[in-house]
Amino acid sequence: MNLTKITAKIEKQSDKTEIFNDKVLKKCQKDCDALNADIGDYNKADGYNCDICKNKGFVFFPKSYSDKYNICSRECKCMNKRRMLRHLKKSGLDSNKILEELTFKKFIVKNLWQKI
Ligand SMILES: [Zn+2]
């Protein structure tokens, strides 16, 4: 076998691997999509709706390990907001109106010492 043939064979092989990987990735992505379509109920506790995780708090995605793809999950971005909402609720500042109303602009200065 000469070098050209060997190179051609290797290229063909890597094409096959790429097609295989692409198929595996598509299948894994499909599985992830199905899991991501599930609906959670975190919104019932904090009233916040997230379109990304559908209120589950985490998102599934395909991750490659050598020649395989596995389903992995990570925490959704909304979880930081949910934690904050929980803290606000605990502290009694959970109403959005309270946070909108209590601003420095609306703070009325009645005494000189309050200006300082
Ligand atoms: Zn989310």
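**Entry 1**

I started at K54. With 18 C-beta neighbours inside 10 Å, K54 counts as partly exposed. I noted the cut-offs: a residue is buried if 20 or more other C-beta atoms lie within 10 Å of its own, exposed if 12 or fewer, and partly exposed in between, with C-beta atoms placed from the backbone. This is a predicted model, where local features need pLDDT of at least 70 and side-chain atom pairs count only at pLDDT 80 or more, while totals for chains, interfaces and linings use all residues. Residues are numbered from 1 along each chain as its sequence is written.

I placed K54 in the loop between α2 (42-46) and β1. K54 is not a glycine, yet its phi is positive, about 55 degrees.

Then I checked N55. N55 also lies in the loop between α2 and β1. Is N55 buried or exposed? I found 21 C-beta neighbours inside 10 Å, so N55 counts as buried. The phi of N55 is positive, about 65 degrees, although N55 is not a glycine.

**Entry 1: the whole chain**

Next I listed the elements. The protein chain has four helices and two strands. I kept the rule beside the list: helices (H or I, at least four residues) and strands (E, at least two) are DSSP runs, numbered from the N terminus. Along the sequence I read the pattern α-α-β-β-α-α. Why is the protein chain more spread out than a compact globule? Its radius of gyration is 27 Å, well over the 13 Å that the globule rule gives for 116 residues, so I call it more spread out. The radius is taken over C-alpha atoms, and the rule is 2.2 Å times the number of residues to the power 0.38.

I also looked up the spans. The C-alpha trace of the protein chain covers about 95 × 35 × 15 Å along its principal axes. Of the 116 residues in the protein chain, 7% are buried.

I turned to contacts. Two residues are in contact if their C-beta atoms, placed from the backbone, lie within 7 Å. I took the contacts in the protein chain with a separation of 6 or more; residues 24 or more positions apart account for 43% of them.

**Entry 2: helices**

I went to α1 (residues 3-36). Helix α1 has 34 residues and reaches 48 Å from its first C-alpha to its last, close to the 50 Å expected at 1.5 Å a residue. The expected span is 1.5 Å times one less than the number of residues. How many of the 34 residues of α1 are buried? I counted one, and α1 is hardly covered.

I picked K16 in helix α1. K16 has 10 C-beta neighbours inside 10 Å, so I marked K16 as exposed. From K16 to C50 I read 39 Å, C-alpha to C-alpha, for 34 residues in sequence.

After α3 comes G92, with a positive phi near 90 degrees.

**Entry 3: the strands**

I followed β1 (residues 58-65) and β2 (residues 68-75). They pair in the antiparallel sense over eight bridges. Strands pair if DSSP finds at least two bridges between them. What is the bridge partner of Y65 in β2? I found K68. For S64, the partner in β2 is Y69. β1 and β2 form a hairpin with two residues between them, and S66 in the turn has a positive phi of about 45 degrees.

I moved to the segment after α4 (96-101), where L112 sits. L112 has 7 other C-beta atoms within 10 Å, so L112 is exposed.

T103 is exposed, with 8 other C-beta atoms within 10 Å. I read 45 Å between the C-alpha atoms of T103 and I71, 32 residues apart along the chain.

Last, I checked pLDDT, the predictor's confidence in each residue, from 0 to 100. The mean for the protein chain is 85, and 91% of its residues reach 70 or more. Confidence is lowest in α4, at a mean of 64, and highest in β2, at 93. Where pLDDT is low, predicted coordinates should not be read in detail.
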